There are 2 protein chains.
Amino acid sequence: MHSWVDGLPADALTLQSRGLAYGDGLFETIAVRAGRPSLLEYHLERLALGCQHLAISADHGLIRDELCRYASLLGDGVLKLIVTRGDSQRGYAPAAGVAPRRILQGNPLPTYPAGHAEQGVRLFDCQTRLAEQPLLAGLKHLNRLEQVLARAEWQDAAHAEGLMRDVSGRIIEGVYSNLFLVRDGQLQTADLSRCGVAGVMRAALLDHARDAAIAVQITDLSLQDLQQADEVFVCNSVYGIWPVQAFTSLNWPPGPLTRKLQAIARTLLDA
Amino acid sequence: MHSWVDGLPADALTLQSRGLAYGDGLFETIAVRAGRPSLLEYHLERLALGCQHLAISADHGLIRDELCRYASLLGDGVLKLIVTRGDSQRGYAPAAGVAPRRILQGNPLPTYPAGHAEQGVRLFDCQTRLAEQPLLAGLKHLNRLEQVLARAEWQDAAHAEGLMRDVSGRIIEGVYSNLFLVRDGQLQTADLSRCGVAGVMRAALLDHARDAAIAVQITDLSLQDLQQADEVFVCNSVYGIWPVQAFTSLNWPPGPLTRKLQAIARTLLDA
């Protein structure tokens with residue numbers, strides 16, 4: 001499906017875009033089923049938070065309308081929304097009254113091997129560490145060179161994801177997923193106040209856990225926590241949940257809480 | 001002057017650009033006088049180093065040729081060169097055989113108040129800190145949200161630049177300049193192995209200092225170093241050198257080594 005820029009079909013962007021010049025913007029990657037964007041409110045909420053942190057004055061009502069119209073035409077697929085601060089001449093300071101731009105791109109739903117969801121995935125041990133930048137932590141902004149470098153570390157199909165630590169060695173997330181551990185029936189996931197992307201599937205699972213009275217710890221995670229975990233899984237808003245079966249010499253069977261949440265994630269994506 | 005993409009006039013870039021999606025690329029901002037790019041070898045060297053670090057297999061001979069042709073047509077101005085990894089579908093892993101893209105943009109030479117070079121400038125005290133990421137430190141890559149946030153901290157014309165520290169409090173650089181201190185006739189500038197942009201004017205001045213037997217310390221700089229400095233200046237490849245006359249409650253007169261190097265910088269830009 002043709003992309004849209006500011007609500008109109010387009011396949012190109014001006015070279016003056018601050019998205020290109022500085023990565024000055026945000027994005028969302030949204031699963032669309034039968035014309036409906038999954039986890040829409042979570043995506044819009046994270047985008048609004050990102051715009052607030054970066055002082056990008058986007059029209060969120062208009063974004064919602066366009067996104068829903070585009071999704072209904074896309075049918076089934078992955079919708080990528082990019083919001084840039086807008087266009088400007090050279091220089092970090094934007095021109096007064098710069099107008100944010102909205103870009104919508106449609107892609108087919110990715111087809112992953114069925115084994116990823118069934119038997120689980122193996123995580124690559126990424127050497128690229130995440131820098132600690134509290135001002136940008138949690139946001140899905142366009143400055144993603146760390147993820148590009150981390151994803152370039154492995155080429156083999158045996159690893160479906162890579163595990164990223166921060167520069168201090170804490171376990172944070174996958175390259176394109178968030179990570180959860182299960183220990184003694186309790187969920188653990190990394191605190192994302194210094195780095196990392198606060199995924200919308202992570203947010204939806206945390207909300208579900210609260211409603212279902214599953215204990216959750218949002219905390220600093222070490223390699224030792226990983227070693228002591230009973231179950232490990234990764235999640236994102238496109239594939240839902242994949243059990244993690246292996247990382248370096250560690251192994252886990254897909255466990256009961258992972259399976260339970262996997263079904264919840266499927267429901268959330270199909271809702 | 002019209003921009004070029006891959007050697008041809010263009011004013012737009014495909015929405016598939018990894019430059020837009022992830023800031024997956026590098027740039028150089030080059031002063032051009034009478035059709036000649038200033039500090040050309042320094043710019044090309046830094047670009048090549050960046051491409052090597054990011055594993056972008058650009059054709060550097062072609063880049064040099066295009067850049068020189070563009071500069072000769074531009075006459076006087078600022079040439080911005082962007083090299084992206086290329087275009088690809090959604091996902092951090094680029095397609096096999098992805099071809100880097102070369103973007104050239106011409107802008108007029110900026111006109112700064114004459115006082116900046118004569119009496120010196122006042123530095124704003126930026127609260128945005130630079131994250132420590134050794135894998136990207138020194139490179140002029142397209143992930144520049146920290147600079148965008150820092151530059152947005154002040155609007156008044158009384159501050160021509162802002163001083164940035166890293167998350168550990170070390171004094172690193174200006175938002176769009178490098179910083180030098182002078183103490184007892186010796187130059188000091190920040191070690192940029194954890195963060196910061198290794199500016200080409202900084203590199204050229206370091207080479208000059210070596211040739212002229214001026215002692216240089218490339219080291220971690222603290223607020224105390226700044227307080228104890230006899231002279232302070234900022235530099236970049238467009239304006240050369242500006243003495244720093246004030247930062248918070250600190251004041252410095254433009255000193256003799258600053259004036260000497262300012263003349264050198266002018267020569268380097270006009271060469």
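**Salt bridges and the contact between chains**

Tutor: Over all chains, the structure holds 32 salt bridges, a salt bridge being a side-chain nitrogen of Lys or Arg within 4 Å of a carboxyl oxygen of Asp or Glu. Before we start: this is a predicted model, where local features need pLDDT of at least 70 and side-chain atom pairs count only at pLDDT 80 or more, while totals for chains, interfaces and linings use all residues. Residues are numbered from 1 along each chain as its sequence is written, chains are lettered from A and ligands numbered from 1 in the order in which they are written, and side-chain values use heavy atoms, with hydrogens and water left out.

Student: Which residue forms a salt bridge with A:Asp270?

Tutor: A:Asp270 sits in helix H8 (residues 256-270) of chain A, and its partner is in strand E4 of chain A, 237 residues apart. Helices (H or I, at least four residues) and strands (E, at least two) are DSSP runs, numbered from the N terminus. The closest N and O atoms are 3.4 Å apart, and the partner is A:Arg33.

Student: Is B:Asp24 buried or exposed?

Tutor: B:Asp24 meets B:Arg85 in a salt bridge of 2.6 Å, N to O. B:Arg85 lies in the loop between strands E6 and E7 of chain B and B:Asp24 in the loop between H1 and E4, so the pair ties together parts 61 residues apart in sequence. Buried means under 20% relative accessible area, exposed over 50%, partly exposed in between (1.4 Å probe, protein chains only). B:Asp24 has a relative accessible area of 0%, so the word is buried.

Student: What area do chain A and chain B bury between them?

Tutor: Buried area is the accessible area (1.4 Å probe) that two parts lose on being put together, summed over both. The contact takes 55 residues from chain A and 56 residues from chain B, where contact means heavy atoms within 4.5 Å. Of the area, 65% is on carbon and sulfur atoms, and the total is about 4300 Å².

Student: Which side chain makes a polar contact of 2.6 Å with the side chain of B:Glu132?

Tutor: B:Glu132 is in the loop between strand E8 and helix H5 of chain B, and at 17% relative accessibility it counts as buried. Its side chain also has a polar contact of 3.2 Å with that of B:Arg170, and B:Arg170 forms a salt bridge with B:Asp166. The 2.6 Å partner is B:Ser168.

Student: Which residue of chain B is in contact with A:Ser17?

Tutor: A:Ser17 is in the loop between E3 and H1 of chain A. With a relative accessible area of 1%, A:Ser17 is buried. Leaving aside neighbours within four places in sequence, A:Ser17 is in contact with A:Thr84, A:Gly86, A:Asp87 and, from chain B, B:Leu20.

Key:
Polar contact = N/O pair within 3.5 Å; in protein donor to acceptor, adjacent residues only side chain to side chain.
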